[in-house]
Every structure is written in structure tokens, then in C-alpha cells.
Amino acid sequence: METTEVLSCVEPFVAARPPEIEVLAAAAVRLRKPAGAPVLSEGQASDAIYIVLRGRVNLVRVADGGRDLILSALGPGDAFGEVCAYGGSAMSTSAIAAVHTELLRVPAENVIEHLRREPETMMRMMRLQHERLREIESVASGLALCDVEERLRRTLARLATRQGRRVSASDGWILAPVPTQSELARMVGSCRETVSRTLSAMARSGLVTASGRRMILTDDLISQYS
């Protein structure tokens with residue numbers, strides 16, 4: 001897709017006027033990041049809004065003892081770094097490419113100028129941050145209140161509905177590429193071995209079917225969290 005097409009169909013820019021989209025597109029650049037490469041670091045001032053075009057970016061927070069927790073996994077069409085609009089505010093998480101990833105980078109100065117002319121984009125950006133905060137709060141409450149299987153079910157359902165696709169009215173959802181078991185463990189605050197055993201139990205009960213980097217989740221599983 002052309003850069004103007006990308007910007008006009010992703011939040012927070014979907015309501016911007018075409019001339020404004022053209023200005024942002026002229027300033028935007030495309031980047032490629034290999035798996036494991038940092039895009040933004042926790043505590044660093046965001047220098048731009050980034051939009052995921054291809055691949056996946058994990059928003060990661062380092063916990064006590066050096067263990068890290070994946071608070072959100074962003075796929076194509078998702079944006080991050082929006083704190084750049086608030087005058088050099090620091091990132092509360094690190095953004096790290098989970099797989100080979102292509103990004104669209106819109107510099108902070110251009111975003112700020114755009115917001116002065118398009119208050120609707122600012123409202124949408126605030127809504128985007130609110131939704132991100134709700135997702136992080138859901139992860140935090142899950143860690144406190146739910147066992148590993150429940151946290152894993154919630155995580156897979158969220159990933160499938162946001163980044164997967166519906167197979168048919170009765171055949172469930174496809175998630176591909178599915179995060180590695182190590183990534184899933186970091187999303188649910190557990191270890192890879194426990195996640196592996198839990199996935200095997202879910203497969204035996206017919207909730208998921210895995211094949212390589214592809215997983216099919218049943219409608220029964222998805223409907224519990226929709």
C-alpha cells in the first residue's frame with residue numbers, strides 16, 4: 001500500500017483530511033527491523049509514531065529480578081510511540097521487533113504540527129492510549145487473579161481477534177504466525193515449560209490445534225472473551 005493509504009486507514013489518523021495525510025506521508029519513512037531489534041527503549045523519549053506494516057512488535061516491561069513481561073503484542077495496523085505528541089514524554093515500555101518487521105515512522109515534529117491543525121486526531125490518539133492502558137490493566141489483573149491456563153486462553157483469544165482471521169462461521173480463528181512458547185510465557189508471566197504443558201492440555205480438549213507457526217482456535221474459546 002502507498003503511504004497515504006496506510007495513514008488514512010489506521011488509528012489515530014483515520015479522520016484526518018486528505019491534505020493532512022499527504023503532509024504526514026511526505027515526512028514518513030519505512031524501516032525494517034530484524035527479530036529482536038529494539039525500536040524504542042523504556043525511559044527513552046519517543047521520537048515518532050510508528051505503525052506496524054508487517055510482522056509483530058512487542059511492548060515489553062522489565063520486572064524486578066530482570067525478567068521481562070510482554071504487555072502487548074502489536075501487529076499490522078497497530079501504532080505505538082504516540083507519547084511523542086506530549087513534548088518528549090518517556091516510553092513506559094520498550095518496543096522490540098518480535099519477528100522481521102516493517103514499520104512506518106512519522107517524526108514527532110510532524111505529528112505535533114498535525115495535531116495543532118487536526119484536533120480530531122488528538123481525540124483519537126487519547127482513545128488509542130486509553131485502549132492500550134485497558135489492555136495493560138487486563139494483563140496486570142490476570143497476573144493477580146487468574147491461573148496460567150486462564151491467562152493463556154485470554155491472551156490467545158485477544159491475539160486471534162486482533163491479528164488473526166476468521167476461518168468460517170463454524171471453523172474458528174487462525175492465528176499465524178503464532179508467538180513462540182517463550183513469547184507466550186512472557187505474555188502470561190510464566191515459564192515456557194508450563195505454557196507447553198498448558199497448550200498440550202488445551203489441544204487435547206479440542207480448544208486449539210497447532211501446526212508449525214499456525215494455530216486454530218475454536219469459536220468456543222474466542223466467544224468466552226469477546
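**Views of a predicted protein model**

**View 1. Overall size of the predicted model.** A compact globule of 226 residues would have a radius of gyration near 17 Å, and the protein agrees with this at 18 Å. This radius is taken over C-alpha atoms, and the globule rule is 2.2 Å times the number of residues to the power 0.38. The C-alpha trace spans about 55 × 45 × 30 Å along its principal axes. Residues are numbered from 1 along each chain as its sequence is written. Local features need pLDDT of at least 70, side-chain atom pairs count only at pLDDT 80 or more, and totals for chains, interfaces and linings use all residues; side-chain values use heavy atoms, without hydrogens and water.

**View 2. Helices and strands.** The protein has 8 helices and 12 strands. Both are DSSP runs, numbered from the N terminus: helices are H or I with at least four residues, strands are E with at least two.

**View 3. Cys 84.** Cys 84 is buried, at 2% relative accessible area. Buried means under 20% relative accessible area, exposed over 50%, and partly exposed in between (1.4 Å probe, protein chains only). A disulfide is a pair of cysteine sulfur atoms within 2.5 Å, and the count is 0.

**View 4. Cys 146.** Cys 146 is buried, with 16% relative accessibility. Its sulfur lies 18 Å from the closest cysteine sulfur, in Cys 191, too far for a bond.
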